[in-house]
Amino acid sequence: MIKFLNTLTHRIEDFHPITQGEVRMYTCGPTVYSYAHIGNFRTFLFEDLLRRFLKFSGLRLTQVMNITDVDDKTIRDSKAAGQSLRDFTEKYTEAFFSDIATLGAERAEIYPRATDHIDEMVTLIKKLLESGHAYEKDSSIYYRIKSFPSYGRLSGINPDDLQDGISSDVDEYEKESPKDFALWKTAKEGEPFWETEIGPGRPGWHIECSAMSMKYLGESFDIHTGGVDNIFPHHENEIAQSEAVAGKPFVKYWLHCQHLIVEGEKMSKSKGNFFTLRDLLADGVDPMAIRYLLLSVHYRQMMNFTRNGLEGAASSLRRLTDFLRSIRDTTFVEKNTGDLSPVIKEARRRFIDAMESDLNSSGALGAIFELVRDVNTALQRDGVTRVEAAQIESLFSDFNRVFGVLVPPKTVDDQDILQLIEERKGARARRDWKRADEIREKLQRLGIILEDAAKGTRFKRV
Ligand code: AMP
Ligand code: ZN
């Protein structure tokens with residue numbers, strides 16, 4: 001049974017999607033005003049791990065990740081760059097897609113852009129005005145937090161701190177001062193705006209995610225994720241907006257990734273203490289080592305970024321690939337003294353148990369490394385059998401479906417295959433069936449199937 005720590009209830013809960021067998025998940029995507037830093041990627045890769053594990057567990061998944069291409073920061077920086085908002089954000093949207101591909105993240109099903117959903121936002125704001133949850137002031141429109149009695153439930157705000165009528169025009173503000181927040185900001189000289197039924201202007205950041213999530217996932221859906229800095233005000237405000245319109249629970253499970261920190265401080269663009277993926281790649285760092293590092297600590301724990309940590313991740317990854325190579329290159333024994341099958345089965349059970357326990361990635365990696373130790377001992381003692389090797393390969397293949405840190409072995413070129421076919425021919429002529437079978441299996445693992453015909457052996461790639 002999959003269990004998650006739900007930020008909304010502060011409890012570990014069994015995961016039961018609203019529709020059995022199907023998961024609808026929304027993840028707050030990047031604000032495309034510069035290259036994402038690896039703190040951002042910690043959150044995006046946690047979401048990728050979650051995505052992969054839900055699918056691995058047999059659930060059908062629809063994941064929506066928005067692109068925030070209009071907000072205070074994109075407008076500020078596109079102006080500074082002297083570019084249109086569209087041209088400016090397009091560059092960083094492309095960079096984001098390229099970066100997540102480099103980090104081996106799977107693609108979400110839908111990537112809606114905020115600027116393509118202004119109509120949906122306006123519809124929500126009109127409903128909030130009609131029901132008295134929103135009011136107009138100086139041509140902008142604000143959400144009245146006092147009108148929503150459970151405001152603060154997600155972030156734990158004290159209702160006594162709520163101040164009626166004190167409003168904020170900016171998208172981000174502190175938890176200590178909960179305010180009525182802008183749903184619609186009236187058009188300003190020199191800023192992009194849309195002509196709409198609620199006047200000329202542009203949306204606040206929070207309404208964007210309510211509009212895009214409900215459009216693609218419905219008024220109630222299963223999982224909403226983000227980094228912990230999204231809890232307040234962003235997610236608190238999303239709940240207030242969406243539930244005031246729909247009159248039903250917005251999201252069942254809220255999952256938030258803790259921060260990546262540098263020397264005790266959150267890695268962030270405003271502090272300037274950040275590394276982009278591009279910075280690290282330029283230094284020759286393997287992107288899979290970055291992926292491994294960011295996934296190796298449980299997402300609910302703060303994680304410190306260091307160069308040493310990065311080197312440690314690269315060496316852990318090397319241990320895994322060396323181990324797999326040694327299994328692939330070994331000559332199997334018919335029989336050995338120990339039986340590895342129950343050990344492999346136990347490693348699989350521990351791997352899945354850890355992942356089901358609120359995505360305990362460090363525990364899951366622990367189970368895999370323990371198996372590596374046990375199998376290495378067996379290899380040195382008296383080898384592994386063909387059956388054991390197949391079981392190990394199968395576990396590693398499942399491990400990699402979830403973690404995605406192992407790059408598939410390089411495909412062999414035709415020349416190498418023909419050479420192995422020749423060697424196999426020789427082995428068969430000598431009636432060395434064992435060697436002939438080994439060659440066939442080795443090729444099979446590399447996705448090459450041999451077909452023996454009257455004219456000789458042919459091969460095909462699968
Ligand atoms: P942004 O592009 O600023 O909207 O951020 C994208 C995602 O990265 C959000 O879910 C943030 O919560 C998350 N995030 C920002 N800084 C960090 C950090 N230092 N560690 C982990 N996640 C972060
Ligand atoms: Zn969002």
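**Reading the rings in a predicted model**

The mean positions of the 64 positive and 72 negative charges of the protein lie 7 Å apart.

Colleague: I'm new to this one. What does the protein contain in helices and strands?

Modeller: Keep in mind that this is a predicted model. The protein has 14 helices and 16 strands. Of its 462 residues, 51% count as buried.

Colleague: On to the rings, then. How many aromatic pairs does the structure hold?

Modeller: There are 23 of them. Take Phe53 and Phe56: their pair is stacked, with 6.0 Å centre to centre and 25 degrees between the planes. It counts as stacked because the planes are under 30 degrees apart.

Colleague: Is Phe53 buried or exposed?

Modeller: Buried means under 20% relative accessible area, so Phe53, at 1%, counts as buried. Phe56 is buried too, at 17%.

Colleague: Which residues do ring pairs link into a cluster?

Modeller: Phe41, Phe44, Phe96, Phe97 and Tyr111.

Colleague: And which charged end sits over the ring of Phe97?

Modeller: That of Arg107, 4.5 Å from the ring's centre. Elsewhere, Lys137 lies over the face of Tyr142, at 5.4 Å from the ring centre.

Key:
Residues are numbered from 1 along each chain as its sequence is written. Chains are lettered from A and ligands numbered from 1 in the order in which they are written. This is a predicted model: local features need pLDDT of at least 70, side-chain atom pairs count only at pLDDT 80 or more; totals for chains, interfaces and linings use all residues. Side-chain values use heavy atoms; hydrogens and water are left out. Helices (H or I, at least four residues) and strands (E, at least two) are DSSP runs, numbered from the N terminus. Buried means under 20% relative accessible area, exposed over 50%, partly exposed in between (1.4 Å probe, protein chains only). Lys and Arg count as positive and Asp and Glu as negative; His and the chain ends are not counted. The place of a charge is taken as NZ of Lys, CZ of Arg, CG of Asp or CD of Glu. Rings of Phe, Tyr and Trp (its six-membered ring) pair if their centres lie within 6.5 Å; planes under 30 degrees apart count as stacked, over 60 as edge-to-face and the rest as tilted. A charge sits over a ring if NZ of Lys or CZ of Arg is within 6 Å of the ring centre and within 35 degrees of the ring normal.
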